[in-house]
Amino acid sequence: MQRLRCSLRFLITLSLSTIVTGIVLCGLGMTRMGRAIRYVPYPVVGGFLGATGCLIVLGAIRVITGQRFQLATIDRFTDLLTLSELAAACAMTLVLYLTWHRSRSSFGLPAILIGGVIAAHVAFWFAGISSAEAQASGWTFQPPPPVSFMLPWSVIEISRYPWYAVPDLLGNLIAVIFVTATSTLFNTTGIEVALQREANLERELNVTGLANILSGAFGGYTGCVSISRSVLNFNSGGTGRLSGLTVAAISVLMLAVAPMLLGYMPKFVLGGLLIYLGADQLHKWIIQSRRRLSFVEYLSLLAIIVIIVQWGFIAGMLIGVVIGCATFALSASRIDSIKYSFDGSEYRSSLDRSRDDQAVLSAHGGKIQGLNLQSYLFFGSATRLYQHVKALLAHHPECRFLVFDFKLVTGIDSSAAHSFAQIKRSANDRGIKLVLVHLPAAAEKGVAVKRVHLERGEHHA
């Protein structure tokens, strides 16, 4: 009785977390906050898909052999039975590649899988292996035990539930919500990239949220869209709702009516299909993506794959976003923030001047040095700008006025403002005055350009 009560409390906790997760997902969908996933760099999504393919292959090996493939356990994969199971799965993968991979017929995949099951049992019959022996040796799955439907909700159990312990579970609840929401967004984006079709993020979040609410109401756990099954379904020709309803109907029948049928399903048939799916993903993102990505982006993609496989999706996504931002900053810093430079002898205003004034400007034009700036000035380009100004002042010791034209600048961050403060100090040491132009014009256009507040001697034209 005590064990049953603990199980019911666990089901209530699981159901509550699933319902709360579903409500949060619906909230993200209605507020359109899920669109933030669009700002994730493409190599991060590619690394996510590549890691998914690698994990599918590793999962297939575990499905076939019942053991996790690791360097520490590699000696367990040397016995004859395990090698035979893996060889049969690889043969199934080869059949899928030679037939369905090239035709993509809607009925091709079901026909191949059914043919694989029949061929497996014919081979068992020729080898003198019965169905019971095939299950005992691990060639086929063990059928699940009989199940009975039971709701976790009852007035008595809810009244006995230790609600005082809920605050202690908030950390775990937040983790469940975060993982489910992140997985939903990344899986949806991954399906977009894999199938080259745009998804409605708000609709996916709302549907996943409602599905989790219903799942929690019946004692289920959290879930989200699957990349591998969605891609497999699409490639098999299932582009409508009928395919999803068919899967649901078959799952209910297998669970409630004939669960013993699973005992006749050879593991290597399902494992071969998983190996094919994982290998296809790995080929796309480790080999084919090299043609589309730069060398730095490709290295970041490989790094994200390794991180996800080693430390999990959350660590891989967070570190991947950091790598993506760093890669972008490195690429953006290579864009020269100086469009062109000029001096007073070659670049003048349109004001009409006398010959004497023009002669003075021609003679002393080198005392006016100017830089026409462009793009966004940030920490990646600010240091290069400061170093360029130092070299310019060293090369033109006669300079007395240093002009910066911000007409083509789209924005400036605090690091760039600090660099201008350094430039101002260097100019003061040489008795040079700074002139900053077009700052008000940029502000009128609504461009986020920050005024650089210098000390005395600042001039605005």
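# Briefing: aromatic pairs, core and confidence

The structure holds nine aromatic pairs. It is a predicted model, with a mean pLDDT of 79 for the protein, and 90% of the residues reach 70 or more.

**Aromatic pairs around F420**

- One of the nine aromatic pairs joins F404 and F420 in an edge-to-face arrangement, with 5.2 Å from centre to centre and 80° between the planes.
- F404 belongs to strand 3 (residues 401-412) and F420 to helix 17 (residues 414-429), so this pair ties together parts that are 16 residues apart in sequence.
- F404 is buried, its relative accessible area being 0%.
- F420 counts as buried too, at 1% relative accessibility.
- F420 also forms a pair with F406, and this one is tilted: the centres are 5.5 Å apart and the planes are at 40°.
- F406, like F420, is buried.

**Other aromatic contacts**

- F124, W139 and F268 make up one aromatic cluster.
- R290 has its charged end over the ring of Y298, at 5.4 Å from the ring centre.
- R292 lies over the face of W285, and here the distance to the ring centre is 5.5 Å.

**The nonpolar core**

- In soluble globular proteins, nonpolar side chains tend to be buried together.
- The largest nonpolar core in this model contains 26 residues, and F186 and M317 are those with the most contacts inside it.
- At least two residues of this core come from each of helix 1, helix 2, helix 8 (170-195), helix 9 (201-217), helix 10 (227-235) and helix 13 (295-311).
- Which residues does M317 contact, leaving aside its neighbours within four places in sequence? They are V44, F48, F186, I304 and I308.

**A backbone feature at R32**

- R32 is found in the loop between helix 1 (2-31) and helix 2 (42-65).
- The phi angle of R32 is near 60°, which is a positive value in a residue other than glycine.

**Confidence**

- The mean pLDDT of 79 covers the protein as a whole, but over residues 440-461 the pLDDT is below 50.

Notes:
Residues numbered from 1 in each chain as written. Heavy atoms only, no water. Phe/Tyr/Trp six-rings, centres within 6.5 Å; stacked < 30°, edge-to-face > 60°. Helix = DSSP H or I, 4+ residues; strand = E, 2+ residues; numbered from the N terminus. Buried < 20%, exposed > 50% of the residue type's maximum accessible area, 1.4 Å probe, protein only. Lys NZ or Arg CZ within 6 Å of the ring centre and 35° of its normal. pLDDT = per-residue confidence, 0-100. Contact = heavy atoms within 4.5 Å. Core = buried A, V, L, I, M, F, W, Y, C linked by side-chain atoms within 4.5 Å.
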